[in-house]
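Colleague: I have a new model open and would like to learn how to read it. Could you take me through it feature by feature?

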Amino acid sequence: MLTLQNFLVVDTEGKDQLKEIAVLDSQGRLVYEAFSAEHNRDISNQQNVKPLREILTDFSNLSQSQLLIFHYANHDLEVLKNSYQAVDLKTPLFTSLCTLQLAQRYVNNFESYSLESVSYTHLTLPTILLV
């Protein structure tokens, strides 16, 4: 059963495949961050550089039975799906919520629905809640 206490806020970076992922828990704490060794050119000065397969395995374990919250979920889920396929892992079935779609559905007067605009300008959320 999903509750307001078992959700994760997820932000992915990457166009076709995952380059970076950050995950916050329901309290706004960073619980996972990793950079893909396969898709980062300058990894010498970055921490948490891992093979893509390891990142996706970690993420699968972390996200089990969790509601995943994305801003522009269609993009993030597509990046994840492509990445799972690239390393021959089965893509898990995720339960997700998209804050972009929610903002577009319930608030009509925003000039921009970017995460920064919605959270800082319109909702005045603290920086810690942003991935």
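Colleague: Let's start with strand pairing: what is the bridge partner of leucine 24 in E3?

Modeller: The general idea is that two strands pair if DSSP finds at least two bridges between them. Here, leucine 24 has leucine 30 of E3 as its bridge partner. Further along, isoleucine 21 is bridged to alanine 34 in E3. Altogether, strand E2 (residues 20-24) and strand E3 (residues 30-36) pair antiparallel over five bridges. By the way, this is a predicted model: local features need pLDDT of at least 70, side-chain atom pairs count only at pLDDT 80 or more, and totals for chains, interfaces and linings use all residues. Residues are numbered from 1 along each chain as its sequence is written, and side-chain values use heavy atoms, with hydrogens and water left out.

Colleague: Which residue takes a positive phi in the hairpin of E2 and E3?

Modeller: Glycine 28 does, with a phi near 85°, in a hairpin that has five residues between the strands. E1 and E2 form a hairpin too, with six residues between them, and glycine 14 in that turn has a positive phi of about 145°. E1 and E2 pair in the antiparallel sense over five bridges, and glutamate 13 sits opposite glutamate 20 in E2.

Colleague: How do E3 and strand E4 run, parallel or antiparallel?

Modeller: They run parallel, with two bridges joining E3 to E4 (residues 49-50). Serine 36 has lysine 50 of E4 as its bridge partner.

Colleague: Which residues of H1 are buried?

Modeller: They are Leu52, Ile55, Leu56, Phe59, Ser60 and Ser63. They cover an arc of only 135° around the axis, which puts them on the same side of H1; the arc is that of the directions from the helix axis to the C-beta atoms. These buried residues pack against strand E1 (7-13), E2, E3, E4, strand E5 (67-70) and H2. Just after H1, serine 65 takes a positive phi of about 60°.

Colleague: How do I read a nonpolar core?

Modeller: In soluble globular proteins, nonpolar side chains tend to be buried together. A nonpolar core is a set of buried Ala, Val, Leu, Ile, Met, Phe, Trp, Tyr and Cys residues joined through side-chain atoms within 4.5 Å. The largest one here has 21 residues, of which Val10, Leu18, Ile21, Phe59 and Leu80 touch the most other members. Two or more residues come from each of E1, E2, E3, H1, E5 and H2. Another core, of five residues, lies apart from it, with Phe7, Val9, Leu24 and Leu67 among them.

Colleague: What does phenylalanine 59 touch?

Modeller: Contact means heavy atoms within 4.5 Å. Not counting residues up to four places away in sequence, phenylalanine 59 touches Val10, Ile21, Val23, Leu68, Leu80, Tyr84 and Phe94.

Colleague: How many salt bridges does a search of the whole structure find?

Modeller: Side chains of opposite charge can pair when their charged atoms come close. A salt bridge is a side-chain nitrogen of Lys or Arg within 4 Å of a carboxyl oxygen of Asp or Glu. The search finds three. Aspartate 25 pairs with arginine 29, the closest N and O atoms being 2.9 Å apart, and aspartate 25 is buried, at 14% relative accessible area. Aspartate 58 pairs with lysine 50 at 3.1 Å, and aspartate 58 is partly exposed, at 23%. Glutamate 78 pairs with lysine 81 at 3.6 Å; being three residues apart in helix H2, glutamate 78 and lysine 81 are separated by about one helical turn.

Methods
Helix = DSSP H or I, 4+ residues; strand = E, 2+ residues; numbered from the N terminus. Buried < 20%, exposed > 50% of the residue type's maximum accessible area, 1.4 Å probe, protein only.
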